[in-house]
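Dear colleague,

I am passing on the structure we spoke about, with the sequence alongside.

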Amino acid sequence: MAENETVQPKGSTVWKWFEKCPTNGRKAICKLCDRPQDRSGGSTTNMIKHLENVHKINPGCRKRPHSSPQKQKELRPPPTSESRNLDRLFTEWVCADFQAFQVCENEHFKRFIKALKPDYI
Ligand SMILES: [Zn+2]
């Protein structure tokens, strides 16, 4: 037997949960609970209500405002460039001041760098 696809209104996803009643064309059978739903006039409103109220299913047939597609993008500079810049500045400073090599081992200096950028060391 051929399926009655043409009878079903196109674009109505509610038919995923219903099938046409074989004995009464005005009714649709809920596949979940086998209860017939009146669909007189070809309206799927009763079927949608049945899904929502009885099975807590939203068939997505009702128009609802779309959620805003705009999502706030986190604007943060790539971490590599920042640390690379720090490396460059640090190297420049070390080259400019020979004493810096000894300062590198200084605990106070390490604390200073750590306070400046905790994840640098
Ligand atoms: Zn049902």
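The mean pLDDT of the protein chain is 76, with 66% of its residues reaching 70 or more. Among the elements of the chain, strand E2 has the highest mean pLDDT, at 95, while helix H3 (residues 100–103) has the lowest, at 57. Where pLDDT is low, the predicted coordinates should not be read in detail.

The largest nonpolar core consists of 8 residues, namely Val-14, Trp-15, Trp-17, Phe-18, Ala-28, Met-47, Ile-48 and Leu-51, and helix H1 (residues 45–54) gives the most to this core, with 3 residues. In soluble globular proteins, nonpolar side chains tend to be buried together. Phe-18, one of the core residues, touches Ala-28, Ile-29, Cys-30, Lys-31, Gln-37 and Met-47, if residues up to four places away in sequence are left out of the count.

Helix H1 deserves a separate look. Its buried residues are Met-47, Ile-48, His-50 and Leu-51, and because these cover an arc of only 160 degrees around the axis, they lie on the same side of H1. On the other side of the helix, Lys-49 and Asn-53 are exposed. After H1 comes Lys-56, which has a positive phi, near 55 degrees.

With best wishes

Note on methods:
Residues are numbered from 1 along each chain as its sequence is written. This is a predicted model: local features need pLDDT of at least 70, side-chain atom pairs count only at pLDDT 80 or more; totals for chains, interfaces and linings use all residues. A nonpolar core is a set of buried Ala, Val, Leu, Ile, Met, Phe, Trp, Tyr and Cys residues joined through C-beta atoms within 7 Å. A residue is buried if 20 or more other C-beta atoms lie within 10 Å of its own, exposed if 12 or fewer, and partly exposed in between; C-beta atoms are placed from the backbone. Helices (H or I, at least four residues) and strands (E, at least two) are DSSP runs, numbered from the N terminus. Two residues are in contact if their C-beta atoms, placed from the backbone, lie within 7 Å. The arc is that of the directions from the helix axis to the C-beta atoms. pLDDT is the predictor's confidence in each residue, from 0 to 100.
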